[in-house]
Amino acid sequence: MKQVKNFRDIGCSECLNAAALDFDFTMAFQPIVDISSKSVFAQEALVRGKDGQSAATIFEHVNDDNRYAFDQACRVKAVELAARLGITSLLSINFMPNAVYRPELCIRTTLAAAKKFQFPTSRIMFEVTESEKVDDIPHLQSIFQHYQEQGFITAIDDFGSGFSGLNMLAELEANILKLDMQLIRGIDSNSRKHAIVSGILTTCRELGMQVIAEGVETVGEYYSLKALGIHLIQGYLLAKPAFESLADINWAAITE
């Protein structure tokens with residue numbers, strides 16, 4: 001299939017059909033759980049190959065020529081599958097900020113997909129990964145601002161693992177902060193990680209941001225996070241990503 005050299009040349013109808021991509025992909029879904037109510041807060045859409053290959057194998061095909069089309073196609077695929085699966089919680093979609101040239105134009109495909117598949121836009125959350133380097137912070141600020149004006153929820157993903165750290169937290173008025181799994185791993189036995197996460201929580205409370213702990217794998221980590229006041233968690237302790245489906249949640253793992 002012909003590759004598009006300039007993402008500005010792609011129209012919304014073409015994005016709906018994954019124009020300019022010469023590879024296919026699908027999604028797995030992993031729940032984000034509210035432990036205070038034992039309910040599903042959100043389902044995060046995670047890229048997978050058509051035969052269940054990892055996200056890394058798909059991203060090997062993404063380059064400067066098709067980045068925009070891929071970002072748009074991910075949004076459409078996530079919304080389509082969420083509607084098909086009957087997701088009633090938030091739908092969390094990871095987006096690539098370097099693929100968004102004008103937020104008011106690049107959001108049109110998402111809006112069209114939500115309308116086509118009858119999925120409420122009020123239930124869409126956009127996550128920007130901190131691991132993707134963004135040199136133009138004012139541009140990312142404009143994306144977040146426009147998305148919030150459209151009624152979307154915004155989140156900073158993988159916080160603590162990427163390029164910007166506290167600078168990104170200071171510059172972006174996001175609704176949610178997701179703590180990277182490397183900060184969570186072994187927090188029950190690591191006083192330094194415990195202190196760092198406690199400090200981040202204090203900052204987020206003052207900023208009016210919710211916090212999600214991702215990568216929670218052990219009961220010890222769960223109880224440490226709960227004691228710190230974190231009630232939104234994601235990780236293998238409760239559920240692994242489910243290929244084109246919704247995972248069964250292991251509520252017994254957190255039953256006191």
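1. In this predicted model, Asp71 is a buried residue with a relative accessible area of 0%. Arg75 is likewise buried, and its relative accessibility is 0%. The side chains of Asp71 and Arg75 are joined by a salt bridge, with an N to O distance of 3.0 Å. Both residues belong to helix α3 (residues 67-85), where they stand four residues apart, a separation of about one helical turn.

2. Side chains of opposite charge can pair when their charged atoms come close.

3. A second pair to examine is Asp157 and Lys178, whose side chains meet in a salt bridge at 4.0 Å, N to O. This pair connects distant parts of the chain, since Asp157 lies in strand β5 (residues 153-159) and Lys178 in strand β6 (residues 176-179), 21 residues apart. Asp157 and Lys178 are both buried.

4. The pair Asp157 and Lys178 also takes part in a network of salt bridges, which links Glu44, Glu127, Asp157, Lys178 and Glu214.

5. How exposed are the partners Arg67 and Asp64? Asp64, at 62% relative accessibility, counts as exposed. Arg67 and Asp64 form a salt bridge in which the closest N and O atoms are 2.8 Å apart.

6. How many salt bridges does the model contain by the rule applied? The count is 10 salt bridges. Among them are the pairs Asp71 with Arg75, Asp157 with Lys178, and Arg67 with Asp64.

Definitions and conventions
Residues are numbered from 1 along each chain as its sequence is written. This is a predicted model: local features need pLDDT of at least 70, side-chain atom pairs count only at pLDDT 80 or more; totals for chains, interfaces and linings use all residues. Side-chain values use heavy atoms; hydrogens and water are left out. Buried means under 20% relative accessible area, exposed over 50%, partly exposed in between (1.4 Å probe, protein chains only). Helices (H or I, at least four residues) and strands (E, at least two) are DSSP runs, numbered from the N terminus.
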